[in-house]
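Please look over the structure below before reading the notes. They cover a pair of helices and a set of charged side chains.

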Amino acid sequence: MKPIIKVENLSKQYIIGSAREPYSTFRESLVNAARVPLEAIKRQGKKNNHSRFWALNDINFAVTPGEVVGIIGRNGAGKSTLLKILSRITEPTQGRVELYGRVGSLLEVGTGFHPELTGRENIYLNGAILGMKREEITRKFDEIVDFAEIEDFLDTPVKRYSSGMYTRLAFAVAANLEPEVLIVDEVLSVGDAEFQKKCLGKMQSVSDSGRTVLFVSHNMTAVKTICQRGILLKKGKKIFDGDSISAVDYYLQGGIDLSSTREWLENEMPGNEKIKIRRASVYAQGKSVGEAILTSDNLVFEIEFYNSITTGVIGVTWDLINIQGIHIAHIGEACNPDNLEQGWYRTKVVFHRNILNTERYTLNVQFGRNQRELLYRMEDILIFDLEDNIQGRGSNFGKLPGVIHPECEWQTESII
């Protein structure tokens with residue numbers, strides 16, 4: 001079968017430290033042209049502060065019609081850069097992409113929307129961009145509005161929409177205007193759980209109709225559920241391409257390094273204008289960070305963050321997920337019963353011992369306000385192994401079955 005997407009030797013390079021030069025008049029251009037030889041002589045022997053960064057490096061793959069492909073990897077692996085090239089938002093430095101059919105992209109909240117236009121007008125605008133006739137858009141219009149649940153705000157300029165309303169409308173337009181290829185980046189994290197479930201169901205129905213889906217997500221359960229195939233990227237390179245279950249297992253087991261503690265420089269800290277994360281770690285209570293963590297140890301989840309919010313109760317929540325993508329526990333809530341002032345904070349929670357089985361685990365963290373508003377969420381912030389502490393077990397005994405391995409009280413007595 002002829003591929004609908006073909007990527008050959010694709011690379012993308014960015015220059016770090018360069019600044020865009022200001023526009024100049026014709027006279028200034030002439031003066032600068034005369035000055036160039038002199039400036040070149042002055043620069044001789046001086047170090048160039050610009051560095052080059054390869055966001056993608058020699059990527060090759062092909063996708064056949066009807067495939068649902070999950071693109072996975074840690075933050076900075078090149079996933080979003082790849083989707084932007086496939087969506088024709090940016091051009092590659094090297095290589096080529098062959099793509100056949102209409103492409104619907106959902107890369108960032110509100111991408112492709114004009115803020116001054118209403119929701120109704122933006123639906124027709126996006127359909128026109130996809131090359132659809134007005135009659136086709138009208139036929140799908142009610143379905144889009146029902147999915148997005150914005151009927152009361154349909155004639156309101158989208159600049160007044162919340163991020164959740166933006167996302168619902170953007171996804172509804174991208175998925176329901178029947179593109180041959182649907183490209184979805186990890187923007188569903190801004191929606192609530194019900195909306196995410198609704199979107200995943202829609203992507204499943206899109207794939208069942210024979211259309212192609214490229215899905216970037218840190219939700220490994222979702223990748224395993226709706227994707228037949230997984231492509232794992234690491235530092236701009238493709239390191240695995242196979243079925244989605246194998247791709248996720250490779251990602252969690254060895255495709256990425258264990259990171260039981262992580263710390264970021266000031267200019268690299270993840271977060272947004274509300275929350276910044278400086279350090280995160282998981283360790284055994286009473287032990288040093290980095291020591292082996294046993295099933296008999298209490299686990300400590302600790303995080304340092306900067307809070308810019310001045311109103312409302314700030315809560316920190318951890319999600320513990322095992323290697324199969326099963327959500328084991330939802331831990332935490334409000335880290336302080338009172339309002340936090342602006343500033344740096346460290347909060348930690350203790351997860352009691354003798355509950356979890358030996359396994360590799362990942363931790364997601366999220367910050368919320370008043371237990372309702374999501375401020376920031378980071379997937380796979382920490383990855384750690386929990387080791388066996390049972391002495392004398394033979395090597396052939398293997399890992400105990402089951403998701404958990406709780407400590408229980410046993411009693412045996414003789415009865416007549």
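The notes below begin with the basis of the model, then take up a helix pair and then salt bridges.

This is a predicted model, in which local features need pLDDT of at least 70, side-chain atom pairs count only at pLDDT 80 or more, and totals for chains, interfaces and linings use all residues. Residues are numbered from 1 along each chain as its sequence is written, and side-chain values use heavy atoms, with hydrogens and water left out.

**Helix 3 and helix 4**

- Helix 3 covers residues 119-129 and helix 4 covers residues 134-148; helices here are DSSP runs of H or I with at least four residues, strands are runs of E with at least two, and both are numbered from the N terminus.
- The two helices pack at an angle of about 130°, and their axes lie 10 Å apart. Axes are lines fitted to C-alpha atoms, for helices over the stretch in contact, and angles run from 0 to 180 degrees between N-to-C directions.
- Helix 3 and helix 4 are therefore oblique to each other, since angles under 35 degrees count as roughly parallel, over 145 as roughly antiparallel, 65 to 115 as roughly perpendicular and the rest as oblique.
- On the helix 3 side, the residues in contact (heavy atoms within 4.5 Å) are Arg120, Ile123, Tyr124, Gly127 and Ala128. They meet Arg134, Ile137, Thr138, Phe141, Ile144 and Val145 in helix 4.

**Salt bridges**

- The count comes to 20 salt bridges, each being a side-chain nitrogen of Lys or Arg within 4 Å of a carboxyl oxygen of Asp or Glu.
- Arg229 and Glu67 form one of them, at 3.2 Å from N to O. Arg229 lies in strand 8 and Glu67 in the loop between strand 2 and strand 3, so the pair ties together parts that are 162 residues apart in sequence.
- Arg229 is buried at 12% relative accessible area, and Glu67 is also buried, at 18%. Buried means under 20% relative accessible area, exposed over 50%, and partly exposed in between (1.4 Å probe, protein chains only).
- In the salt bridge of Arg346 with Glu302, the closest N and O atoms are 3.8 Å apart. This pair links strand 15, which holds Arg346, to strand 12, which holds Glu302, across 44 residues.
- Arg346 is exposed at 56%, whereas Glu302 is buried at 10%.
- Arg346 and Glu302 also belong to a network of salt bridges with Glu263, Arg278, Arg279 and Glu304.
- Arg369 pairs with Glu373 in a salt bridge of 2.9 Å between the closest N and O atoms. Arg369 is buried at 16%, and Glu373 is partly exposed at 31%.
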